[in-house]
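Biologist: I have a new structure open. Walk me through it, please.

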Amino acid sequence: MKYFTADPAPCRKNIFQGKVLFENEYISWIHDELSGQLIGAVVKNGSGENLLTEPLTFSIDRSENGKGKSFTAGASAEKVQFGENCVITESAFVSKDGEILPGVRLRRTVEYGEWGEAVHTLELTAEDPVDNVTAMRPAVFGVAGTIDRLGVRRRLICGTGAWSLNPCVWQRLEGGTKHSDVIPLQENHLPLSMTFLDAGTEALQFELGDDIAAWEMLPGFQEIAMIYNSTTQGYLVRCAAFIDRTDETVEGSLTLKFRLSLPFVRKNIVPLRRASSLLYFQRGFENRWPGDEDLKAMKKAGIDLLRLHCDGDSFKNGIFWRATVYPPFPAEEMKKMAEFLDKAHKYGIHVVPYFSVKEFHPDSPDYPANFEKWGRRGFSNSRVRTNESFGSVMCLTSDWKNKRRASIAEVLEKHPFDGVYYDWCAGLECANPGHCGTPHWDNDELLEHLKWTADNFKSTPERYLHLTYVSSLAVENAATMVITEEHGFPALGPEMFTPHVHFLNIAPRQICNMMRGADAVQKRQLAMAALLHHASISTIDQEFWDFYASLEWLDDVERYTAYTAPGEGLASSSDSRVGVSVYWNDEEAMIVCANFREEVSKAEITVSLPEKPELEETVELAPLEVKVIKCKLLVDRI
Ligand SMILES: [Zn+2]
């Protein structure tokens with residue numbers, strides 16, 4: 001049995017024609033050899049083109065005799081040092097006409113990690129105070145106009161609520177062809193993260209470092225601005241700690257951090273992996289563990305990964321897995337768990353236990369002494385959120401991370417699980433003053449937690465991650481399965497999902513089946529919609545499994561190297577209730593059509609793949625039918 005794996009991929013240094021590259025099989029970061037400046041970011045199995053249309057700089061604006069003058073650090077450096085996986089530069093701030101901002105220096109350290117991340121640490125020092133400063137922009141860079149989606153996670157202060165996950169909000173970009181592209185983003189708070197996505201192909205992500213407070217020198221005067229530049233045919237992205245001041249003084253020292261990440265886009269399409277929660281809640285407590293017949297049915301549906309998800313008191317008998325409490329169940333249930341693990345392994349199915357990265361249950365003996373100390377507070381005067389079943393929400397920038405790690409290690413060392421399922425796998429903003437700066441978030445700590453997991457449990461490498469509405473490229477690079485959606489859905493149809501469902505060819509993806517009381521037609525429509533986005537449904541419902549068992553070609557998709565989902569502009573249908581997706585490689589395309597109507601549909605299908613002949617097909621589909629058409633791309637139809 002071949003399981004999907006996600007392995008760390010450190011970047012190695014290569015020097016080539018005046019450029020220093022830090023690259024692995026998936027990505028390449030490019031620095032200028034003389035200045036050390038970051039000038040390129042390439043996703044090898046994406047377009048292979050440079051995603052940075054303008055190199056990375058740090059600028060300080062000053063008013064001199066009533067006139068504005070900009071000083072930039074980046075294009076030249078006094079000291080440049082290239083390590084095996086890091087770059088250190090020391091630069092002055094220089095204006096266009098060569099004037100130097102006296103006494104002000106920038107030391108930039110860029111560290112390339114194993115999961116596609118580049119951590120930038122900026123240390124600014126001003127030997128003597130510099131006055132009349134009007135703006136400070138620590139990160140300015142250009143992103144290619146080929147990106148067609150912008151995903152922004154805003155700060156809590158922008159109004160998403162103290163307990164919110166600050167969900168990623170997506171907007172379309174049009175390559176500079178529409179008015180909405182002139183300034184697609186301009187706000188007076190720097191977002192937690194921005195994902196610049198060319199759907200299905202490649203992406204670049206910017207995320208603030210955990211110490212958000214360091215960026216808040218003048219609350220209310222930050223600015224994020226994204227502006228289309230017709231000269232570079234890209235978007236200029238300017239992250240300002242402050243703008244629009246008249247007489248600020250820069251003095252002493254200051255440290256800021258941010259992270260840029262690139263995705264590990266695979267060469268071949270990742271499997272449409274099927275996975276599920278494993279307990280049968282609807283069969284009653286005594287029959288909740290799957291037996292041989294159940295495992296046979298799972299196997300037939302192609303399921304190769306199950307999660308022991310038992311975090312709530314579903315049977316009202318108090319027997320459920322309280323976060324961080326061990327053992328989770330009474331002796332009799334522990335025996336059933338052990339027997340089940342043996343059985344699942346005989347069927348070649350991996351099993352992982354549910355861990356909440358953030359939740360701490362009040363029944364844990366050390367809870368009373370620590371939950372206030374380790375807890376996440378949305379605002380400085382808000383309480384720690386507590387749920388009777390799930391526990392209280394903690395922050396990874398506290399000693400909670402050590403408690404969580406010890407409790408995970410205990411389970412994995414005592415039982416033959418195959419890895420982990422991580423719920424609440426999201427960096428969250430926190431204002432608990434006992435942690436790092438206030439406010440902060442625990443996004444870097446979350447990646448550290450994933451690294452800890454990968455480093456310590458190499459022989460059990462499943463990392464099944466719940467990343468609902470919070471894309472994070474480095475974290476997703478470390479996943480063997482990603483869940484992206486769990487709430488209610490709008491009308492069931494081919495384009496019902498956010499771009500985070502299909503997203504990128506990094507790791508297998510799925511969505512939760514959260515439709516309550518759905519009939520057979522709705523279930524099939526949901527399964528079809530997910531299928532068109534190359535995602536499976538996380539479910540223990542036999543009707544979904546029958547759907548997968550009926551699609552014999554599912555295991556064939558890995559021989560293709562590209563894929564497009566509905567709404568991405570490459571494939572369309574004359575009937576809006578007929579969805580179209582396409583898998584292809586150099587020789588062949590496989591068109592998948594799904595009829596969401598409960599009646600026959602005859603639709604004209606048009607497929608325009610990059611650098612391939614246009615394909616046109618007329619298809620007649622039975623009610624709710626999924627049909628596959630294979631076409632040779634070089635010569636004639638097969
Ligand atoms: Zn915190």
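Modeller: One term before we start. A residue is buried if 20 or more other C-beta atoms lie within 10 Å of its own, exposed if 12 or fewer, and partly exposed in between, with C-beta atoms placed from the backbone. This is a predicted model: local features need pLDDT of at least 70, side-chain atom pairs count only at pLDDT 80 or more, and totals for chains, interfaces and linings use all residues. Residues are numbered from 1 along each chain as its sequence is written.

Biologist: Zoom out. How many helices and strands in the protein?

Modeller: Nine helices and 38 strands. The radius of gyration is 26 Å, close to the 26 Å from the globule rule for 638 residues, so the protein is as compact as a globular protein of that length. That radius is taken over C-alpha atoms, and the rule is 2.2 Å times the number of residues to the power 0.38. The C-alpha trace spans about 80 × 70 × 40 Å along its principal axes. Of the 638 residues, 48% count as buried.

Biologist: Which domains is the protein divided into?

Modeller: Domain 1 covers 51-261, domain 2 covers 274-555 and domain 3 covers 571-632. The bounds come from an automatic or database domain assignment. The centres of domain 2 and domain 3, over C-alpha atoms, are 34 Å apart. Their contact takes eleven residues from domain 2 and ten from domain 3. Two residues are in contact if their C-beta atoms, placed from the backbone, lie within 7 Å.

Biologist: What about the largest nonpolar core? How many residues?

Modeller: It has 175 residues. Such a core is a set of buried Ala, Val, Leu, Ile, Met, Phe, Trp, Tyr and Cys residues joined through C-beta atoms within 7 Å. Those with the most contacts inside it include W29, V143 and A594. Strand β10 (residues 117-144) gives the most to this core, with twelve residues.

Biologist: What does A594 touch?

Modeller: Leaving out residues up to four places away in sequence, A594 touches M528, L531, L532, V578, G579 and V626.

Biologist: Sheets next. What is the order in the open sheet of eight strands?

Modeller: β19-β20-β21-β25-β28-β29-β30-β31, with parallel pairing. Two strands pair if DSSP finds at least two bridges between them. β19 (274-277) and β31 (535-538) stand at the edges with a single partner strand each, so one side of each has no neighbour in the sheet. Four bridges join β30 (residues 509-512) to β31. There, Q510 stands opposite S536 in β31.

Biologist: Now β16. Which side chains are buried?

Modeller: In β16 (residues 223-229), I224, M226 and Y228 point to one face and are buried. Three bridges join β16 to β13 (residues 185-187), antiparallel. L185 has M226 as its bridge partner. Seven bridges join β16 to β17 (residues 234-240), also running antiparallel. N229 partners G234 there.

Biologist: Which residue in the hairpin of β16 and β17 takes a positive phi?

Modeller: Q233, near 55°, in a hairpin with four residues between the strands. Most residues other than glycine have a negative phi, and most peptide bonds are trans. N132 also has a positive phi, about 60°. N132 is in strand β10. N132 is partly exposed, because 18 other C-beta atoms lie within 10 Å. E611 has a positive phi near 55°. E611 lies in the loop between β36 (601-607) and β37 (615-621).

Biologist: Last one. Where is the cis peptide bond with Y326?

Modeller: From Y326 to P327, with omega near -5°. P327 is in the loop between β20 (303-308) and α2 (331-346). T438 and P439 are joined by a cis bond too, omega about -5°. P439 is in the loop between β26 (429-430) and β27 (440-441).

Notes. Helices (H or I, at least four residues) and strands (E, at least two) are DSSP runs, numbered from the N terminus.
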